[in-house]
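Please look through the structure below before reading on.

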Amino acid sequence: MQGSNGGKKWVKAVHKEWKILGNNLPDTIYVRAFEDRMDLVRAVMVGASGTPYQDGLFFFDMHLPPSYPDEPPLVYYHSFGLQLNPNLYDSGTVCLSLLGTFVGEGSEEWLPATSTLLQVVVSIQGLILNNQPFFNEAGYEALVDKPEGHRNAAPYSENAYLLTLRSMLHLLRRPPQGFEEFVRDHFRRRGRFVLGACEAYLRGCVVGTLGGDARATEGSKEEGRTCSAGLRLVLANLVPRLVAAFAEIGADGCDYDQFHGLRDILVEAETCSSE
């Protein structure tokens with residue numbers, strides 16, 4: 001069996017991890033282990049509502065080295081060459097103190113006696129794929145609740161959202177091995193809500209504030225606010241491609257006519273860009 005060169009201690013630790021993951025994973029995180037490669041685990045996370053990553057799928061491969069659990073797993077993010085978060089590099093590096101790729105202290109670091117793969121995936125989803133990714137940048141946490149931080153956080157979230165949409169298109173064209181049907185099924189169910197979020201943002205909702213099923217919340221509207229011209233222009237290009245991709249897999253309700261003027265908004269954006 002490949003990947004078991006860490007000895008009995010390693011094999012015991014891996015089986016323990018499988019059991020913990022099998023019993024405790026949140027509903028929005030899915031993991032697949034490989035019996036012929038015990039050293040590899042593939043995880044996919046669903047972007048949470050109320051974040052720029054809503055309804056996106058984010059894939060991570062975790063390699064358990066022979067020294068595991070004395071050393072943390074090596075984690076690779078399937079980025080498709082896109083950097084949609086300060087802690088998720090386009091090279092695939094995941095910047096997280098638990099993995100030893102970012103400065104941390106105490107319980108933030110990997111502790112061989114208590115740290116687990118479950119802690120890793122939950123930390124990535126909760127600490128990285130959050131509602132204000134701009135502040136994940138080192139040193140930027142000092143700008144939280146300050147005007148400068150607010151000004152910069154909004155465009156960063158818009159860009160993170162657009163890159164999330166691009167990653168959806170990549171996944172539909174080339175889903176990771178072992179998750180082909182998972183990807184298609186997810187977007188068959190959620191495609192119409194992805195398009196609903198596009199419409200909500202084009203109509204002035206703040207990116208990263210929608211509730212479940214792309215519903216506006218109390219924090220979704222700011223007086224006098226509209227989405228940026230850049231968001232409109234990029235969505236004018238992305239939405240038709242998303243509609244076509246969703247239609248190809250048989251997603252329900254993914255038609256322009258359903259979205260009460262979404263087509264008109266996008267045509268307006270294209271018109272403005274050509275003037």
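In helix α4, Phe187, Gly191, Val194, Leu195, Cys198, Tyr201 and Leu202 meet Leu231, Arg232, Leu235, Val239, Leu242, Val243 and Phe246 of helix α5; contact here means heavy atoms within 4.5 Å. Sorted by class, this contact of α4 with α5 holds twelve nonpolar, one polar and one charged residues. Ala, Val, Leu, Ile, Met, Phe, Trp, Tyr, Cys and Pro count as nonpolar, Asp, Glu, Lys and Arg as charged, and the others, Gly among them, as polar. This is a predicted model, in which local features need pLDDT of at least 70 and side-chain atom pairs count only at pLDDT 80 or more, while totals for chains, interfaces and linings use all residues. Residues are numbered from 1 along each chain as its sequence is written, and side-chain values use heavy atoms, with hydrogens and water left out.

Helix α4 covers residues 180–202 and helix α5 residues 229–248; they pack at an angle of about 160°, with their axes 11 Å apart. Axes are lines fitted to C-alpha atoms, for helices over the stretch in contact, and angles run from 0 to 180 degrees between N-to-C directions. The angle makes α4 roughly antiparallel to α5 (under 35 degrees counts as roughly parallel, over 145 as roughly antiparallel, 65 to 115 as roughly perpendicular and the rest as oblique). The crossing of α4 past α5 is left-handed, meaning that the near helix is turned anticlockwise from the far one by less than a right angle.

Helix α4 also packs against helix α3 (residues 147–173), where the axes come within 12 Å and cross at roughly 150°. The helices α3 and α4 are therefore roughly antiparallel to each other. Tyr161, Leu165, Met168, Leu171 and Leu172 in α3 meet Val183, Phe187, Val194, Ala197, Cys198 and Tyr201 in α4. By class, the contact of α3 with α4 has eleven nonpolar, no polar and no charged residues.

How many aromatic pairs does a search of the whole structure find? The search finds ten, where rings of Phe, Tyr and Trp (its six-membered ring) pair if their centres lie within 6.5 Å, and planes under 30 degrees apart count as stacked, over 60 as edge-to-face and the rest as tilted. The ring centres of tyrosine 30 and phenylalanine 182 are 4.8 Å apart and their planes are at 65°, so this pair is edge-to-face. The pair links distant parts of the chain, since tyrosine 30 is in strand β1 (residues 29–34) and phenylalanine 182 in helix α4, 152 residues apart. Tyr30 and Phe182 belong to one aromatic cluster that also includes Phe59 and Phe179.

Some backbone features come next. Most residues other than glycine have a negative phi, and most peptide bonds are trans. The peptide bond from tyrosine 68 to proline 69 is cis, with omega near 5°, and proline 69 lies in the loop between β3 (57–63) and β4 (74–77). Alanine 214, in the loop between α4 and α5, has a positive phi of about 60° although it is not a glycine. Alanine 214 is buried, with a relative accessible area of 12% (buried means under 20%, exposed over 50%, partly exposed in between, with a 1.4 Å probe and protein chains only).

Overall, the protein has six helices and four strands. Helices (H or I, at least four residues) and strands (E, at least two) are DSSP runs, numbered from the N terminus. Of the 275 residues of the protein, 49% count as buried.
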